[in-house]
Amino acid sequence: MLTSFPYGKWPSPITAEMLTQQSSKISEPQACGDDLLWIESRPAEKGRNALVQLCANGARKDVLAEPHSVRTRAYEYGGASYLVTPERIFCVLDTDQRIYMIDRATHLLAALSPIGNYRYADFCWDKKHQRLICVREDHTKANHAEKIDARSEIVALDLNGETQVQVTGADFYSNPRLNLAGDKLSYLCWNHPQMPWDGTECYCADINLAGKITSTRLIAGSKNESIFQPQWSPTDELFFVSDRNNWWNIYRHTFNCAEGADADGSGNVECICDLPAEFATPQWVFGMSTYGFINGKEIFCCFSQNGQWNLGLIDITHKSLRKIPNEFKDIAGVRCHNQQAYFLAASATQSNALYRFHNGPIEAALLTNPSTLTSDDIAQPEAISFTTSDGEIAHGFYYAPKNKTVTAPENTLPPLIVMCHGGPTGATETSLNIKIQFWTSRGFAVLDVNYRGSTGYGRQYRDRLKNNWGVTDVIDVCSGANYLIERGLVDKNKIAIRGSSAGGYTVLAALTFGDTFKAGASLYGIGDLEALAKDTHKFEARYLDSLVGEYPAQQEIYHARSPIHHIEQLNCPVIFLQGLKDKVVPPNQAEAMVNALTAKGIKNAYVTFAEEGHGFRQAESIQKAIEAELGFYLEVFNDV
């Protein structure tokens with residue numbers, strides 16, 4: 001028999017502890033021989049990134065014991081923190097950001113890179129010259145106060161740690177990759193004010209027998225074309241993803257110039273799969289991969305259409321794609337090895353896990369966090385599109401409250417939590433998210449918005465946020481909430497909005513410049529755009545040029561869109577959750593908003609985490625944050 005409880009106060013089987021018990025996240029899969037390796041983040045071990053190996057005999061082991069954590073802080077967001085070869089494993093340890101070398105036969109650990117203020121990522125093994133090629137971020141002369149940035153470059157380290165700079169001059173580099181012959185090196189680069197999803201360039205350099213670069217040519221890309229994941233095929237052709245036709249599609253460059261080809265080689269580029277689909281995601285971290293080669297004729301890939309992820313096999317010869325049936329909602333980290341494909345995926349009922357494909361049914365290579373929840377416990381997303389108040393279309397996913405043991409009193413409607421994803425260049429996912437289920441199982445409805453500027457809907461949709469951050473995203477979250485109110489699905493007097501980082505800015509802007517929401521939660525969110533423009537790291541130092549305008553030339557716009565300068569318009573409660581070691585969004589922004597709200601007598605809460613940075617990694621922090629947020633909403637809505 002169902003028990004009646006008010007919406008928002010349902011007894012839930014999903015506790016705050018489950019968010020961390022089941023949030024051990026895996027990333028960066030790699031295969032070598034018969035072994036699989038991956039990075040496993042463990043909130044229960046203070047956020048340690050364990051390097052884990054699954055051996056051919058089925059045994060699973062940590063490559064490095066606690067407290068070793070494999071993590072690079074290059075470009076702040078990191079990624080691609082290790083490389084496995086038949087003889088060695090190269091990895092970056094979080095403690096000192098040096099590259100270490102693990103002998104796979106003796107298991108001995110030894111430092112490879114020299115002591116210094118360097119950060120490394122995105123490794124490639126040069127077998128011919130017995131050296132490691134990677135991206136290095138040199139902070140030796142960096143001085144934030146004097147606006148001297150760290151220098152990015154591609155370097156080579158031999159097995160004695162001797163370092164040679166291979167490529168330098170651009171603001172950013174990524175994806176250094178050698179062809180099979182070892183005589184060509186491809187890589188991506190971009191310069192301020194572009195972000196990698198705005199404009200990147202793919203180059204190919206010729207390498208002589210001595211390992212020196214002799215010439216370099218531009219393959220693809222520009223300030224208005226985003227290139228993603230250049231990769232060499234088994235036939236030594238260079239493939240890459242480009243958004244030159246509005247969609248991130250896969251292209252091939254051939255080096256045998258056909259008659260009539262352009263002198264720069266651009267005439268040798270052809271689209272392998274022309275679809276209104278995205279075969280890429282924003283390159284926030286190193287090492288992102290959406291495709292790989294099963295063999296010289298087939299590409300295994302994942303791609304997004306209308307916010308939903310799919311798997312496919314591309315026949316290179318016929319330029320055709322065959323979808324692979326699956327139930328996954330989120331797919332990433334594609335790696336191919338020995339004619340097999342490995343990838344990370346999550347479904348509506350199973351969180352992030354590692355899977356294998358080999359000319360047949362998809363197999364689970366590694367299941368993590370096996371869910372104790374059934375489909376009766378889990379709220380399923382409903383894809384919605386709605387007309388915005390300025391007459392365009394935005395997208396999102398609606399989750400109705402779900403709890404198999406509880407019902408709500410008649411003639412009542414649930415409170416709504418509108419979620420704003422980070423980035424802001426990014427997208428929400430529809431796979432099992434325990435945090436969303438934490439809310440729906442308690443009787444909250446959830447709307448996860450892919451506001452204009454989100455990825456997965458083509459470049460034109462992505463570019464709608466340019467010069468409009470704090471405008472179109474705010475319109476979209478408000479329009480989405482009003483759409484659900486008009487459908488009679490939620491209580492218009494109990495509408496909250498939450499978001500982290502860039503999503504936290506949308507939260508504060510929506511609360512300040514609109515009256516749709518009755519409460520908000522900002523997790524390490526931005527209250528002062530001008531402060532962010534003045535005080536952030538190199539990777540995002542010019543991000544706001546395209547989202548808001550050039551600074552300080554457009555200072556008035558920064559002031560106009562910063563909630564901190566319009567606190568008199570903010571008249572509803574807000575909870576702030578902030579890591580005190582956050583260098584992306586420093587704590588002083590949250591503190592300024594808290595002080596202003598307190599002075600005005602508006603209910604607020606400020607919850608800090610002394611050992612956290614930008615994003616919460618430790619189990620205790622994650623649990624404390626969501627419990628504080630729940631308690632805050634209940635207090636606010638009880639006053640309605």
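Ala605 is found in strand β38 (residues 604-609); strands (E, at least two residues) and helices (H or I, at least four) are DSSP runs, numbered from the N terminus. Leaving aside residues up to four places away in sequence, Ala605 touches Val574, Ile575, Phe576 and Phe632, where contact means heavy atoms within 4.5 Å. The C-alpha atoms of Ala605 and Val285 are separated by 32 Å, and these residues lie 320 residues apart along the chain.

This is a predicted model, in which local features need pLDDT of at least 70 and side-chain atom pairs count only at pLDDT 80 or more, while totals for chains, interfaces and linings use all residues. Residues are numbered from 1 along each chain as its sequence is written, and side-chain values use heavy atoms, with hydrogens and water left out.

**Confidence**

- The mean pLDDT of the protein is 92, and 96% of its residues reach 70 or more; pLDDT is the predictor's confidence in each residue, from 0 to 100.
- Over residues 258-266, pLDDT stays under 50, and the model has eight contacts for this stretch beyond four places in sequence.

**Nonpolar cores**

- A nonpolar core is a set of buried Ala, Val, Leu, Ile, Met, Phe, Trp, Tyr and Cys residues joined through side-chain atoms within 4.5 Å. Buried means under 20% relative accessible area, exposed over 50%, and partly exposed in between (1.4 Å probe, protein chains only).
- The largest nonpolar core has 96 residues, and Trp469 and Phe517 have the most contacts inside it. Helix α5 (residues 502-513) gives the most to this core, with seven residues.
- A second, separate core has 36 residues, including Leu432, Val607, Ala625 and Phe637.
- Beyond four places in sequence, the residues that Phe517 touches include Val418, Val477, Ile495, Ala510, Leu511 and Cys572.
- In soluble globular proteins, nonpolar side chains tend to be buried together.

- Eleven of the twelve residues of α5 are buried, so α5 is largely enclosed by the rest of the structure. Among the buried residues are Gly503, Tyr505, Val507 and Leu508.
- The end C-alpha atoms of α5 are 16 Å apart, which agrees with the 16 Å that its twelve residues should span at 1.5 Å a residue; the expected span is 1.5 Å times one less than the number of residues.
- The axes of helix α4 (residues 472-486) and α5 come within 9 Å and cross at roughly 75°. That makes α4 roughly perpendicular to α5, a term for angles of 65 to 115 degrees.
- Asp473, Val474, Val477 and Cys478 of α4 make the contact with Thr506, Ala509 and Ala510 of α5.

**Helix α10**

- Helix α10 (residues 619-638) has 20 residues and reaches 29 Å from its first C-alpha to its last, close to the 28 Å expected at 1.5 Å a residue.
- The buried residues of α10 include Ala625, Glu629, Phe632 and Phe637.

**Backbone features**

- Most residues other than glycine have a negative phi, and most peptide bonds are trans.
- A cis peptide bond joins Glu66 and Pro67, with omega about 15°; Pro67 is found in the loop between β5 (60-62) and β6 (82-84).
- Another cis peptide bond joins Tyr551 and Pro552, with omega about 10°; Pro552 is found in the loop between α7 (543-547) and α8 (555-561).
- Asp122, in strand β10 (residues 118-126), has a positive phi near 65°, and it counts as buried at 1% relative accessibility.
- Ser501, in the loop between β35 (495-500) and α5, has a positive phi of about 55° although it is not a glycine. Ser501 is buried, with a relative accessible area of 14%.

Conventions:
Axes are lines fitted to C-alpha atoms, for helices over the stretch in contact, and angles run from 0 to 180 degrees between N-to-C directions. Angles under 35 degrees count as roughly parallel, over 145 as roughly antiparallel, 65 to 115 as roughly perpendicular and the rest as oblique.
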